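Student: Could we go through this model together, one topic at a time? I would like to start with charged pairs and then move on to helices and pockets.

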Amino acid sequence: MKRYMTLGYGAAAYLLFLAAFLYLIGFVGNLAVPRSVDRGLAAPITQAILINAALVALFGVQHSVMARPAFKRWWARFVPSSIERSTYVLLSSVVLALLYWQWRTMPTVIWDVRLPAARAVLWVLFWLGWAIALLATFLINHFDLFGLRQVYLASRQKPYTSIEFRVRLLYRVVRHPLMLGMVIAFWAAPVMTAGHLLFSIGMTTYILIATQLEERDLVASLGHQYSDYRREVSMLLPIPRRHTTGMARQG
């Protein structure tokens, strides 16, 4: 029974993540969702800035702190290792849901691209960003990244094994294509409001900080393998460097 409950918990956490991720696309793009980056709660501008900034900061702190090895070691005293990743995914989704629910509208228009061809290019970039982010998760191990592999192995009473470090496709161009895809999607906006701008700046700041922290952890765990990879491939901007040899990136 415990094995089935573990598997069910992981599946539920993954489904909640999937819903939160799909809603994020609609939230940023103002597409088919009741509340979005430009359709939130009404509030005075000062209150809106403070609340929205706090919501983005809360997501950044939760998403980054819980991913650190030191926190994981402490967290393991309370949460079984088999569901640690699923719990992280679950809490990240809950924090995102809170952001969607409590986001305040800041409607001042920063830019409005009206040229049809330019608008079309921005929409293409918007969808390309999400596609890059999603593809990047499968190039490492989508199911390990979101906890499904861990609960599956636990349900089969098999020990967890780490994903081998390799470099594939997008990871030969930048070290963090998932983050690059998100940044593209956040900024590719035909209409940029003050609220959207605050969201994009806040999330991009979080990404820049989080990637630095992740890089430090990867160097500590993988040593020269990741150090060599860092010298050969740029972090976020696809700037050509030396050719990468057959390594692959761990998520």
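This is a predicted model: local features need pLDDT of at least 70, side-chain atom pairs count only at pLDDT 80 or more; totals for chains, interfaces and linings use all residues.

Student: How many salt bridges does the count come to?

Tutor: Residues are numbered from 1 along each chain as its sequence is written, and side-chain values use heavy atoms, with hydrogens and water left out. A salt bridge here is a side-chain nitrogen of Lys or Arg within 4 Å of a carboxyl oxygen of Asp or Glu. By this rule, the count is 9 salt bridges.

Student: Which residue forms a salt bridge with Arg166?

Tutor: Arg166 is partly exposed at 35% relative accessibility (buried means under 20% relative accessible area, exposed over 50%, partly exposed in between, with a 1.4 Å probe and protein chains only). The closest N and O atoms are 2.7 Å apart, and the partner is Glu164.

Student: Glu215 and Arg230 also meet in a salt bridge; how many residues apart are they?

Tutor: Their side chains meet at 3.1 Å, N to O. The pair links distant parts of the chain, with Glu215 in helix α9 (residues 194-222) and Arg230 in helix α10 (residues 224-232); helices (H or I, at least four residues) and strands (E, at least two) are DSSP runs, numbered from the N terminus. Glu215 is buried at 1% relative accessible area, whereas Arg230 is partly exposed at 32%.

Student: What separates Arg231 and Asp228 within helix α10?

Tutor: Arg231 and Asp228 form a salt bridge whose closest N and O atoms are 2.2 Å apart. Arg231 is partly exposed at 48% relative accessibility, and Asp228 is partly exposed at 25%. Because they are 3 residues apart in helix α10, what separates them is about one helical turn.

Student: Which residues does UniProt list for "transmembrane region"?

Tutor: The listing comes from an unreviewed UniProt entry; its positions are given in the numbering used here, feature names are shortened, and annotations may be inferred rather than shown by experiment. In the model, residues 12-33 are 82% helix and 0% strand, with end C-alpha atoms 22 Å apart. Residues 86-103 are 94% helix and 0% strand, with end C-alpha atoms 26 Å apart. The entry lists residues 12-33, 45-65, 86-103 and 123-148.

Student: Which helix gives the largest share of the lining of the second largest pocket?

Tutor: A pocket is an open set of points on a 1 Å grid over the protein atoms alone, where a 1.4 Å probe fits, with protein on both sides within 12 Å along at least five of seven lines; lining residues have an atom within 4 Å of a point. This one has a volume of about 200 Å³, the space filled by probe spheres set on the points, which are joined across faces, edges and corners. Its lining includes Lys2, Tyr9, Pro80 and Ala154. The largest share, 5 residues, comes from α1.
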